[in-house]
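Open the model in your viewer and keep the selection panel at hand. The stops below tell you what to select and what you will find there.

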Amino acid sequence: MSKSTLTRRGVLKTGAVAGATLATPTIFTAGSAAAYTNEPTGSTVKFGFNVPQTGPYAEEGLDELRAQELAIEHINGMGDGGALNTFTSKALGGDGVLGKKVEFVTGDTQTKSDAARASAKSMIEKDGVVMINGGSSSGVAIAVQGLCQEAGIIFMAGLTHSNDTTGKDRKANGFRHFFNAYMSAAALAPVLNKEYGSDRRAYHLTADYTWGWSQQESIAAATEAMGWQTVNNVLTPLAATDFSSYIAPVLNSGADVLVLNHYGGNMVNSLTNAIQFGLRDKQVNGKNFEIVVPLYSELMAAGAGENIKGVYGSMNWNWQLTDEGTKAFVQSFGQKYGRPPSNSAQTCYAQTILYADAAARAGSFNPCAIAEALEGFEFDGLGNGPTLYRADDHQCFKDVLVMKGRDNPTSQYDTLELVEKTPVAQVTYDANHAMFGGDAATLGTCNAGA
Amino acid sequence: MLGLNKKDTSLLLIVAGLALFAPFLLNPFPADSGLAQFNAGYPDLMQRFVIFGIFAIGFNILFGLTGYLSFGHAAFLGVGSYCVVWMYKLVDYNVIWGLPLAIVVSALFSLLIGFVSLRRSGIYFSILTLAFAQMSFNLAYSVLTPITNGETGLQVYSNDPQVLLGATEPNAPHLFGIVMNQSKTLSMGAWEFTFNNGYYFCAVILMVVFYLAIRIFRSPFGMMLRAVKTNQTRMNYTGLSPRPYTLAAFVISGMYAGLAGGLMAAMDPLAGAERMQWTASGEVVLMTILGGAGTLLGPVLGAGFIKYFENIFSKINDGVLHSWFSFLPDGMENLLVGIVHPFVGKGWHLTLGLLFMAVVIFLPGGLMEGGERLKKRFSKTPEVKDPEHRPEDKPHVAE
């Protein structure tokens, strides 16, 4: 054992020095002058793009990143201006926002709540961003939205389809442009009714997590309302890659429609298994057996290849739309990257533009001023037709696309065809709808931090 | 000091120094320079360094001493986090309720898993722990959603009971009013240093648990654990059952993991199921091996190393690369960006993987061995071979 030479005097001395050292920082403390978190003081303002760059949704995340970079170019007045030319609000002049040039930092969410929050925090604490945009999963979106609320900056959600994001987990500092499970169901049900009739028996396979449940709940409610029966709902583990054992019982259940509440790789695998079992060639109850995939994405369509032919699903936006906003955006995106944008890319592009525009209209980057500018904001020209940012839950209301796997694709990007553009009135619901947290769900108050 | 020999005292002092001055050490570059990209001295990352340091120290007590490779430690991390967030929801935002509970619950949980898993050793043990952890993850992700809030992660809602919440109490995790996410910024010329309450709270706990780890390493109990690693068969033949020792080590390291998980929730009031995934368990194995298994300081270094890559390298995108090389002619600039591009941003895993390979091949003892070799190169005095793995000079029992 060593002998230490601690004396009373020595301890007192060290204590006094240590105390003085610890006390000094408070004298120099800057900070407190800022009116809100990360108030930009120089000639630039920073946006944070937090997308999955690794993991299962990396492909989608990288497409989001492309769109966000393009949006920054357009806001800063480079390139052809894209959808800024067709956007109904003219507050952005192509010279940045409020005279400040827009810069951006990127981060990797890894499609994990923890990693997403870590990367968002580093953007807020280290890089000093005023907003965070992007993401490709509802769990991540809800986690980062909560963080932005606490930190006092604005969160513009990317691809998040669960009802909860603007339902029971809605936050005053969070905004969602993308549509949700309820809207998918409300848009799909009438089309399914028209195509397949009102006397159908549906069998659901549902990914066993929040999004899957909310998707299943929504679509079951919407189809039952028009006369369908729900035969069974089987929950499948998220990590499952082989769905054969779940598909086999479908054949003997007496069901004539299979609803796959799956997303991403899950959906690609379950659909492929279902086709391999020859479900679509079967006749049950005297009707052709059909498959429905409530939420489509370009990535999934490409992954499933041949198998999606004739399968119905819904989308937030598609590059084949013919309105002016879509054309301007697709052309600008195609010129820069040589490919059409995905619907998650479009939502992130729109969100970046909407945030910048709100800041310009509000005359400040204060999150509370921006939230006020976005609430109840009506706009058009970004590709989705006339759109409303509802003040009660910060959800965008716009037309929803019902899509079908194309029978004769002309190119590798031409995998889905537009069946119907469901008007916004048909997918609108009350802000206190039971599937959206009921009366208990509140936005809370806006937090400007600092 | 505190019952430690001279060498260990200095080791503890080094860790204390590193922890206390981290805000300075990790921010060596002026805030507005191009190199500020490499600064790691912001609260969230500093907290992560310390928390994962604690996690790795605990893991090392099991893996480094007994050689039992657990692939399921993330489960305890998750359990700790859920405990703390539940205490926020039920009691109030003071972390004093949640942290002890996190340690107790993870101890019970690890006792259960350890009791079953430790019936086997080697690869079978690893697989068993992996299975348990993956089971916990799946339970948390879907089946136990009423308790864990599934994919979304457990959060505090305004309509939660929070029975002790006072009217003036801060609405964020705090320790008797010291709010964790509050910081003070010190500007010195072009440099900026951030002192965060939460970070220092974690740092103090790190020092305490590091001290405990030293005591465990140097105790007769630690010696028994080493005996398990060295030759379990021989230990059996001498009439000693290794199981009580390994189980104790397993529970202790489970408690460390629970504490780390609790601290994560204490810094950021959210608990997600991903925290329990097998990749998270694998990460702590990497940290320990990278830093040096069986050494005291190694796991902490390894944890810092991996977290640094995850948070700093992943944020270097093409725009940043272009701004670095912008002084070069266009062709050269694009070429250099093209070469570096695969290793940063979304390719940070690649860089980390290469480094990990290099360490395992050239420095099997981890970063600590690198340090030892450097020390040997610069000092003339011959070093004792393998200083960690020999009996310490102990006073005679009769003394």
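**Ground rules**

This is a predicted model: local features need pLDDT of at least 70, side-chain atom pairs count only at pLDDT 80 or more, and totals for chains, interfaces and linings use all residues. Residues are numbered from 1 along each chain as its sequence is written, while chains are lettered from A and ligands numbered from 1 in the order in which they are written.

**Stop 1: the sheet of chain A**

Select the strands S7-S6-S8-S11-S12-S16-S17 of chain A. In that order they form an open sheet of 7 strands, with mixed pairing. Strands (E, at least two residues) and helices (H or I, at least four) are DSSP runs, numbered from the N terminus. Two strands pair if DSSP finds at least two bridges between them. Color strand S7 (229-236) and strand S17 (416-422) of chain A: these are the edge strands, and each pairs on one side only. Direction ignored, neighbouring strands of this sheet are turned by 25 degrees against each other on average. Axes are lines fitted to C-alpha atoms, for helices over the stretch in contact, and angles run from 0 to 180 degrees between N-to-C directions.

Next, take strand S6 (residues 201-207) of chain A. S6(A) pairs with S7(A) in the parallel sense over 7 bridges. Find A:His204, which stands opposite A:Asn233 in S7(A). Contact here means that the C-beta atoms of two residues, placed from the backbone, lie within 7 Å.

**Stop 2: strand S8(A)**

Zoom in on S8(A). How many of the 5 residues of S8(A) are buried? The count is 5 of the 5, so S8(A) is largely enclosed by the rest of the structure. A residue is buried if 20 or more other C-beta atoms lie within 10 Å of its own, exposed if 12 or fewer, and partly exposed in between, with C-beta atoms placed from the backbone.

Show the side chains. In a regular strand they alternate between the two faces of the sheet. A:Val257, A:Val259 and A:Asn261 point one way from S8(A), and A:Leu258 and A:Leu260 point the other way.

Now follow the pairing. S6(A) and S8(A) run in the parallel sense over 5 bridges, and A:Tyr203 has A:Leu258 as its bridge partner in S8(A). S8(A) and S11(A) are parallel too, joined by 3 bridges. There, A:Leu258 has A:Ile291 as its bridge partner in S11(A).

**Stop 3: two loop residues with positive phi**

Most residues other than glycine have a negative phi. Select A:Leu98, whose phi is near 50 degrees. A:Leu98 lies in the loop between helix H2 (58-75) and S2 of chain A. A:Leu98 is partly exposed, with 16 C-beta neighbours inside 10 Å.

Then select A:Gln110, in the loop between S2 and H3 of chain A. Phi of A:Gln110 is near 55 degrees. Is A:Gln110 buried or exposed? A:Gln110 is buried, with 26 other C-beta atoms within 10 Å.

**Stop 4: a helix pair**

Select helix H11 (residues 343-362) and helix H12 (residues 367-374) of chain A. Their axes come within 8 Å and cross at roughly 105 degrees. That makes H11(A) roughly perpendicular to H12(A). Angles of 65 to 115 degrees count as roughly perpendicular, under 35 as roughly parallel, over 145 as roughly antiparallel and the rest as oblique. Residues making the contact include A:Leu354 and A:Tyr355 of H11(A) and A:Ala369 and A:Ile370 of H12(A).

**Stop 5: where chain A meets chain B**

Show both chains. 40 residues of chain A are in contact with 37 residues of chain B. On the side of chain A that touches chain B, H3(A) gives the largest share, 8 residues.

**Stop 6: chain B**

Color domain 1 (40-291) and domain 2 (316-380) of chain B. The bounds come from an automatic or database domain assignment. The domain centres, taken over C-alpha atoms, are separated by 30 Å. 4 residues of domain 1 of chain B are in contact with 5 residues of domain 2 of chain B.

Finish at B:Leu11, in helix H1 (residues 6-20) of chain B. The C-alpha atoms of B:Leu11 and B:Leu297 are separated by 8.1 Å, though 286 residues apart along the chain.
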